[in-house]
Amino acid sequence: MKNERELYMYMAHVYDQTDRHQETIDLITKAINLDPKLSIDEINLLSSSYKTIVTKHRNAIKTLEAISK
């Protein structure tokens with residue numbers, strides 16, 4: 001790895017492949033703090049991680065609502 005930012009992005013890809021989306025977001029946030037310019041691939045990784053987390057929370061809420069009726 002050339003620098004700390006590249007290490008963060010590498011590990012973010014590894015975490016994404018293992019479905020650890022919150023950790024992916026945390027590492028990309030650290031990378032953004034070092035250099036805010038994101039490549040298209042990095043933007044897509046961040047976006048898909050957020051989307052996955054929001055979808056899981058939304059499905060959990062729908063399940064709770066269905067149970068409570």
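Is Asn33 buried or exposed? The close-ups below, all taken from a predicted model, start with that residue.

**View 1. Asn33, a residue of helix H2.** Asn33 counts as exposed because its relative accessible area is 63%, and the cut-off for that label is over 50%. Look across to Arg5 as well: 28 residues separate Asn33 and Arg5 in sequence, yet their C-alpha atoms sit 9.1 Å apart in space.

**View 2. Thr24, buried in helix H2.** Here we stay on H2, which covers residues 21-34. Thr24 has a relative accessible area of 0%, so it is buried. A polar atom of the Thr24 side chain lies 3.5 Å from the backbone oxygen of Ala12. Beyond its neighbours within four places in sequence, Thr24 touches Ala12, Tyr15, Asp16, Leu45 and Ser49.

**View 3. The largest nonpolar core, built from 10 residues.** The members are Tyr8, Met9, Ala12, Ile25, Leu27, Ile28, Ala31, Leu45, Leu46 and Ile53. Helix H1 (4-17), H2 and helix H3 (40-68) are the elements that each put in two or more residues. H2 is the top contributor, giving four. As a bit of background, nonpolar side chains in soluble globular proteins tend to be buried together.

**View 4. Tyr8, one of the core residues, and its contacts.** Zooming in on Tyr8, and skipping neighbours within four places in sequence, we find contacts with Leu27, Lys30, Ala31 and Leu34.

Technical notes. Residues numbered from 1 in each chain as written. Predicted model: local features only at pLDDT ≥ 70, side-chain atom pairs only at ≥ 80, totals over all residues. Heavy atoms only, no water. Buried < 20%, exposed > 50% of the residue type's maximum accessible area, 1.4 Å probe, protein only. Polar contact = N/O pair within 3.5 Å; in protein donor to acceptor, adjacent residues only side chain to side chain. Contact = heavy atoms within 4.5 Å. Core = buried A, V, L, I, M, F, W, Y, C linked by side-chain atoms within 4.5 Å.
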